[in-house]
Amino acid sequence: MNIASFISLVITGNGIAQADIPKKFSQKKIRMIDESDISTFISSVMTEQKKGNILVITKLESIAELIRAINGNLNSNKISVICNGIADTSALEEEIKARSLHTADGRTFIPETIMNYPSLMHAGSQIIVKRKPYDNETVVFNTDGEVVGILLDESLRYENIAGTVADNMNLLDITEKASLMLGMLKNNSSDTACFSDILLIRADNKYQSVVLPSGKTQSICEAELQLFTGMTWENTFCEIIKRLAEISVPDVLAEDINRIVTNIYIYHNTPLPNYRLIKNTMERIILTEELI
């Protein structure tokens with residue numbers, strides 16, 4: 001286990017020279033804190049501990065024992081210590097092992113949470129989604145053998161996350177929107193995921209989508225209207241008509257949108273497009289764009 005890769009800060013006590021810092025930690029950020037005032041020293045250490053894993057290097061055994069005692073009350077970011085050249089990283093090692101996940105074929109990951117996306121974790125570039133697996137997905141287990149989530153394909157990289165569809169519809173061309181809509185129709189239902197719960201990831205020069213776990217849904221008809229026009233059922237009839245006059249959409253898509261607008265604003269007995277019709281529309285858009 002490469003403990004050095006987890007350490008973000010080295011704290012040195014009184015009398016610690018550069019030569020006292022092991023080479024594998026010497027390139028880390030280093031901060032000297034005076035140990036003569038124990039209360040101030042521990043307060044400073046705990047402030048840094050909240051930010052990440054730290055290493056304390058000291059010549060005082062009393063400080064080392066205090067660090068070990070503190071670790072017993074920490075659930076995360078346990079502190080490593082080197083006292084008079086003797087390293088104790090056991091607390092951090094145990095924490096890392098407890099956090100580690102693995103696949104059925106033996107691949108091991110030590111994931112980190114992804115800010116703003118509580119249902120996601122990442123281990124380096126690879127992304128783990130915390131949800132129940134579907135057919136043929138790579139399942140990730142914890143140390144007790146419990147299912148934690150699924151591992152996304154390596155082409156979907158953490159550093160290429162663009163954000164949610166709700167915030168980035170303008171990034172998608174019409175073919176990418178059609179592909180996204182097809183993915184949203186997989187459960188053959190009149191409801192689908194909300195755009196705020198669909199993540200966009202740039203892969204192979206195009207955007208791919210990942211549906212995040214959520215209990216929220218939206219109508220597939222409103223989803224189609226919003227994705228291709230930017231309008232929702234909260235917009236007025238005049239606003240939607242004005243918008244439709246400003247944009248150009250394929251004829252097959254215009255038929256769907258006209259049905260939706262007519263049903264909502266003019267005559268409710270006009271049948272809305274069902275998932276089969278919308279699926280057919282999306283497939284025709286993709287085929288037409290591929291032939292151009």
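**Exercise 1.** How far is the sulfur of Cys194 from the closest cysteine sulfur, and in which residue is that sulfur?

*Solution.* The model is predicted: local features need pLDDT of at least 70, side-chain atom pairs count only at pLDDT 80 or more, and totals for chains, interfaces and linings use all residues. Residues are numbered from 1 along each chain as its sequence is written, and side-chain values use heavy atoms, without hydrogens and water.

Step 1. A disulfide is a pair of cysteine sulfur atoms within 2.5 Å.
Step 2. The closest cysteine sulfur to that of Cys194 lies in Cys221, 14 Å away, too far for a bond.
Step 3. The count comes to 0 disulfides.

**Exercise 2.** Determine whether Cys194 and Cys221 are buried or exposed.

*Solution.* Step 1. Buried means under 20% relative accessible area, exposed over 50%, and partly exposed in between (1.4 Å probe, protein chains only).
Step 1. Cys194 has a relative accessible area of 14% and is therefore buried.
Step 2. Cys221, at 4% relative accessibility, also counts as buried.

**Exercise 3.** Identify the members of the largest nonpolar core that touch the most other members, and examine Val165.

*Solution.* Step 1. A nonpolar core is a set of buried Ala, Val, Leu, Ile, Met, Phe, Trp, Tyr and Cys residues joined through side-chain atoms within 4.5 Å.
Step 1. In the largest core, of 31 residues, those touching the most other members are Val165, Leu180, Met181, Phe195, Leu227 and Met282.
Step 2. Beyond its neighbours within four places in sequence, Val165 is in contact (heavy atoms within 4.5 Å) with Leu180, Phe195, Ile198, Leu200 and Leu227.
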